[in-house]
Amino acid sequence: MKNKDTIIYEAHGNLYLNITNRCTADCVFCIKRYSDGVYGYNLRLSKEPTLPEIIKELSGQELSKYKEVVFTGLGEPLVRLDVVLEISKWLKIRGIPVRLDTIGHAKLLYPERNVAMELAESGIKVVSISLNAHDASTYNQLCDPRYIRAYEKMLEFATDVSGSGMELRFTVVELPVVDIEKCKKIAMDHDADFKVRSYSASS
Ligand code: SF4
């Protein structure tokens, strides 16, 4: 595995951004528990990259060759909401499609802000939320969220995402305790795409 402090990495024709290792959950299936990264990239950060550092890295890339730029990595991007918004605006000006992968605790992190609207206005096209479970108790068991009512607030944020005109996607990790059919129904009820990930590909 390469040196740590990877901010940008590529796979599947996409360019991925790793801007933090912090998170508002502690999922039992998180890659952080058993690896330093994915696809041969070490995503451990000795310090979080600043906005200028991230823009500098992006500027060195031929962005048009990628399908999309994705906020993901070994942490929850929305703990750095303002950095996400600035990078998204920078990419929007350049016509690059942007996706955000999130655990969806935005309404708990920023109760005073309309995060979904801010994301949409910054140019984000797709928000992929880790649904992870068919009910709150299973969610709490799997994800150990920092907040109470995290599952309900995540679903509320998902509704905000759809209402803001962005494309919504729900993901779940294939685990025996997860009722995939019920999760699929929740996705349908929220007009969301639905993706089941294998345990090994989870981050
Ligand atoms: S899997 Fe994602 S949401 Fe869960 S602890 Fe890891 S980084 Fe956070």
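Helix 5 (residues 136–143) has four residues that count as buried, namely Thr138, Tyr139, Leu142 and Cys143; buried here means under 20% relative accessible area, exposed means over 50%, and partly exposed covers the range in between (1.4 Å probe, protein chains only). Helices (H or I, at least four residues) and strands (E, at least two) are DSSP runs, numbered from the N terminus. Viewed down the axis of helix 5, the buried residues fall within an arc of 105 degrees, so they line one face of the helix; the arc is taken over the directions from the helix axis to the C-beta atoms. Ser137 and Gln141, on the other side of helix 5, are exposed.

This is a predicted model, in which local features need pLDDT of at least 70 and side-chain atom pairs count only at pLDDT 80 or more, while totals for chains, interfaces and linings use all residues. Residues are numbered from 1 along each chain as its sequence is written, and side-chain values use heavy atoms, with hydrogens and water left out.

The cover over the buried residues of helix 5 includes strand 7 (126–130) and helix 6 (150–163), where contact means heavy atoms within 4.5 Å. Within helix 5, threonine 138 counts as buried because its relative accessibility is 8%. Leaving aside residues up to four places away in sequence, threonine 138 touches Ala133 and Val177. Aspartate 144 follows helix 5 and has a positive phi, near 40 degrees.

Turning to charged pairs, the structure holds 14 salt bridges, each defined as a side-chain nitrogen of Lys or Arg within 4 Å of a carboxyl oxygen of Asp or Glu. One of them joins glutamate 48 and arginine 80 at 3.4 Å, N to O. This pair links distant parts of the chain, 32 residues apart: glutamate 48 sits in the loop between strand 4 (41–42) and helix 1 (51–59), and arginine 80 in the loop between strand 5 (69–71) and helix 2 (81–93). Glutamate 48 is partly exposed at 27% relative accessible area, whereas arginine 80, at 12%, counts as buried. Both residues also belong to a network of salt bridges that links Arg22, Glu48 and Arg80.

Another salt bridge pairs arginine 33 with aspartate 26, with the closest N and O atoms 3.3 Å apart. Arginine 33 is partly exposed at 48%, as is aspartate 26 at 40%.

In helix 6, lysine 153 and glutamate 156 lie three residues apart, about one turn of the helix, and form a salt bridge with a closest N and O separation of 3.2 Å.
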